[in-house]
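Dear colleague,

Here is the structure we discussed handing over. My notes on what was found follow below it.

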Amino acid sequence: MTKNLMIVESPAKAKTIEKFLGKDFTVKSCYGHIRDLPKGNNAIDIDNDYTPQYVVSSEKTDVVKELKTLASQAEEVWLATDEDREGEAISWHLCEVLGLDEDSTKRIVFHEITKKAILKAVDNPRNINKNLVNAQQARRVLDRLVGFELSPILWRKISRSSSLSAGRVQSVAVRLVVERERDIRNFEAGTYFKVSAIFKVKDAKGKIVHLKAELPKKFKTEPEAEAFLNKCIEAIYTIEDIKVKPAKKSPTAPFTTSTLQQDASRKLGFSVARTMRVAQKLYEAGKITYMRTDSTYLSETARANAYQTIKSNYGEEYLQPREFKSKSKTAQEAHEAIRPTYFEQSEAGSTADEKKLYSLIWKRTLASQMSDARLERTTATVGISKTDEKLVAKGEVLKFDGFLKLYRESVDEEEQQEDAGMLPPLHIGQVLDLKEMTATQRFQRPPARYNEATLVKKLEELGIGRPSTYAPTISTIQKRNYAVKENREGKKRDYIVWTLTGPEETPKANDLSKVVAQENTGVAKNKLFPTDMGMLVNDFLVEHFSDVLNYGFTAQIEKQFDEIAGGHKQWNNMIDSFYKPFHQTVEHTMETATKVTGERILGEDPKTGKVIKARLGRFGPMVQLGEMPPEGEDGPKPKYASIIPPLALETISLEEALELFKLPRVVGEFEGEVMKASEGRFGPYILHIKKFYSLKKEQHPLTITAEEAIQLIKDKREADAKKLIKTFPENPDIQILNGRWGPYIKAPNKNVKIPKEKKENPETLTYEEVKELVDNAPEKKGRGKRATKKTTTAKKTTTATAKKTATKKTTTKKSPKK
């Protein structure tokens, strides 16, 4: 019989905690949420104060059964789920499902999984905080209402695809990505000319080195820049002033969830989801504190341990104690920052990812308690004898590295600046020897596209979402294909450079010349781009549900959740004040909104004179040549072509559309057979001997060469050969392949499972055995049938259906609407 049963969310966390407790404790995992809202429309009883109808999922039945048995045998039950609102809700659900008495059940919380923290928590149990539970419940109910009422409208007004969905936070995130993309598209880059000079001077050892100086003034036009360089021909350049100032750099605060995601993205190349997955492993192993937090606070014990480690590793002069206050006005509960549990461990983790992330957290936390870096910044002013304009040279010397010895914070690309180097010895009155002076054309930069981390940063700045919602939000908008994370090569752009050579340069001294150079612009790495569907859905929601998509309104909802968590607001009342006007808008939109197609007339086909337009089709964005003949009449049908990224529904031109109609395109021949490039429902491909080979992301059917297509075919054949286990001469269309989940049989229109007893040796299967398995396996459902079913369902969607979405009407009460 168990004396004490402690329940946590994960097996890893249970294993770590059990090591700290004696034989009187049994620690078990509930594997996350043990119950949730059902997937159907009866999840929330609107007529009964928005009461959620929770259900235990089928995969948790055995878990619940085991926990019930253990709980009935235990003298005391301890709930040790995470300390945030979601963790509090899991504990409450455990009480409800296991039939535990909330007053006698002990709830404990801790910031870190260490023996000291666990034993302290056991000594200070409390009851479940219903305010925190209600705040989480309000978020869950509100998000379900919004999602289940908006999604059917999108299916009816935009696309019958059930992959479309809308959500309170995800839709705002999509709006940010869409608006940033339009800002970039509409940006008109102004040009200017930047002047810089390179002088030859001697360093302390008498060696000739280069000194770079720049003109603070920017010239708006090329003639102005050229005229300035003309003035400088045979000019004398003299050091007129030298100023030396002390400066310092201070470390940043320890990590919050948001800043950890940003720095892991910039320094390690981790996605937001990957960062949180790795951090979860480190937390459950007892290596770091809880990873969902918006607090920068470090406990006194943690600071004391950090001080000791700094003094031991680097010396007393590197220690500078600090306390950081959270910048977030809506910070949840009194969490700590993300930090190591044991500062003496400079390395931790069982995988490469865990080791990298732990090192980042360890360095950032220690650096926050280290001394400022001390610098000396020098500014030298260079006079020009033939003009009143001055050149300026800047440099800096690191006098004491301080926290920089351990950690340097990275910045986003829009904040990057060129580092100032160290200046050679200079003195006032020194005449400089000009090597060259250039006036280079530069272009104003458009706003930077979001990557995952900078989008999280923006959401945090706007007060939208919380530490626990950032990663799921970013993942959802990509899974729904509203945004894609891509690398794009950019485009070549010409720019002008005027160069004036110095008087001692050979072969041409004091020569002024002009060249046109090229640079790559618009290069994107792991940036978020809105899809055409994402832009259409966003525009529809902004037009019809401006409140839900309003940044300030969404942030205000988050504040109301905080008020519920603090016990200052009733969660049912908060939901009611939002839902009633929202539901009226849903009904009005379902009745009055027109279907969205994104249609744009691009022009006429020069050969046929037929109209070419871009629009949203059944399988995505496309261009259409010609119109359907009137009903009941015969005539040529329109010609269609899919719009292939980076082309977009909103920006595609007539010329680009005409190119798409050239598909399928003959690329060349291989093995005596023609290779054709084209675009299909599942993306661009090469067709060769009745087989399809998908193009790589960076390849395009209009530009792929014969050599690239041949290599694509060879690579695919090589990969398939590794998967192939067995073929049958009796029927070459039936094969045994090795797939992601193990061996299986591939047959026309179906993939067939191999029985467990045969999986270890699938090559022993005979043709007769395989044919029997294939004949008895069900046919793969055709996409046409599914589409028809969805179409029928969509036609049946009425205003009444939308009204009942995500609700359960009771028989004893009537809706206020009725």
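**Salt bridges**

At 27% relative accessibility, Glu-214 counts as partly exposed. Its salt-bridge partner is Lys-212, with the closest N and O atoms 3.7 Å apart. Lys-212 is partly exposed too, at 39% relative accessibility. Please keep in mind throughout that this is a predicted model.

A second pair is made by Glu-563 and Lys-569, where the closest N and O atoms are 3.8 Å apart. Glu-563 has a relative accessibility of 31% and counts as partly exposed. For Lys-569 the relative accessibility is 31%, which again puts the residue in the partly exposed class.

Are the two residues of the next pair, Glu-9 and Lys-13, buried or exposed? Glu-9 is buried, because its relative accessibility of 10% falls under the 20% limit. Lys-13 is buried as well, with a relative accessible area of 1%. The side chains of Glu-9 and Lys-13 meet in a salt bridge of 2.9 Å, N to O.

There is also a network of salt bridges that links Arg-85, Arg-139, Asp-143, Arg-168, Arg-466, Glu-558 and Asp-562. The count of salt bridges comes to 48.

**The chain as a whole**

The protein chain has 818 residues, of which 47% count as buried. Its C-alpha trace spans about 95 × 85 × 65 Å along the principal axes. The chain holds 22 helices and 30 strands.

For a sense of distances within the chain, take Leu-536 and Leu-737. They are 201 residues apart along the chain, and 41 Å separates their C-alpha atoms. Leu-536 sits in helix H14, which covers residues 532-544. With a relative accessible area of 11%, Leu-536 is buried.

**Strand pairing around E11**

Which strands pair with E11? One is strand E12 (residues 373-384), which pairs with strand E11 (residues 237-249) in the antiparallel sense over 12 bridges. Another is strand E14 (residues 431-443), also antiparallel to E11, over two bridges.

**Charged patches on the surface**

Arg-160, Lys-595, Arg-618 and Arg-681 gather in a surface patch of positive charge. Of these, Lys-595 lies in the loop between helix H16 (571-592) and strand E19 (600-604). The relative accessible area of Lys-595 is 47%, so this residue is partly exposed.

A negative surface patch is formed by Glu-489, Glu-698, Glu-707 and Glu-708. Glu-708 is located in helix H18 (residues 706-723). Its relative accessibility is 35%, so Glu-708 counts as partly exposed.

**Backbone details**

Two cis peptide bonds are worth looking up in the viewer. The bond from Pro-645 to Pro-646 is cis, with omega near 10°. Pro-646 belongs to the loop between strand E22 (639-642) and helix H17 (654-660). The bond from Leu-663 to Pro-664 is cis as well, with omega near 0°. Pro-664 is in the loop between H17 and strand E23 (665-670).

Where does the chain show a positive phi in a residue other than glycine? Glu-671 is one of these places, with a phi of about 55°. This residue is in the loop between E23 and strand E24 (673-680). Ile-689 is another, with phi near 50°. The loop that holds Ile-689 runs between strand E25 (683-688) and strand E26 (691-694). Ile-689 is partly exposed, as its relative accessible area is 46%.

Regards

Key. Residues are numbered from 1 along each chain as its sequence is written. This is a predicted model: local features need pLDDT of at least 70, side-chain atom pairs count only at pLDDT 80 or more; totals for chains, interfaces and linings use all residues. Side-chain values use heavy atoms; hydrogens and water are left out. Patches are made of residues with over 30% relative accessible area and no salt bridge: like charges are joined within 9 Å, nonpolar side chains (Val, Leu, Ile, Met, Phe, Trp, Tyr) within 5 Å. Accessible areas come from the Shrake-Rupley method with a 1.4 Å probe; for residues, only the protein chains shown count as cover. A salt bridge is a side-chain nitrogen of Lys or Arg within 4 Å of a carboxyl oxygen of Asp or Glu. Lys and Arg count as positive and Asp and Glu as negative; His and the chain ends are not counted. The place of a charge is taken as NZ of Lys, CZ of Arg, CG of Asp or CD of Glu. Helices (H or I, at least four residues) and strands (E, at least two) are DSSP runs, numbered from the N terminus. Buried means under 20% relative accessible area, exposed over 50%, partly exposed in between (1.4 Å probe, protein chains only). Two strands pair if DSSP finds at least two bridges between them.
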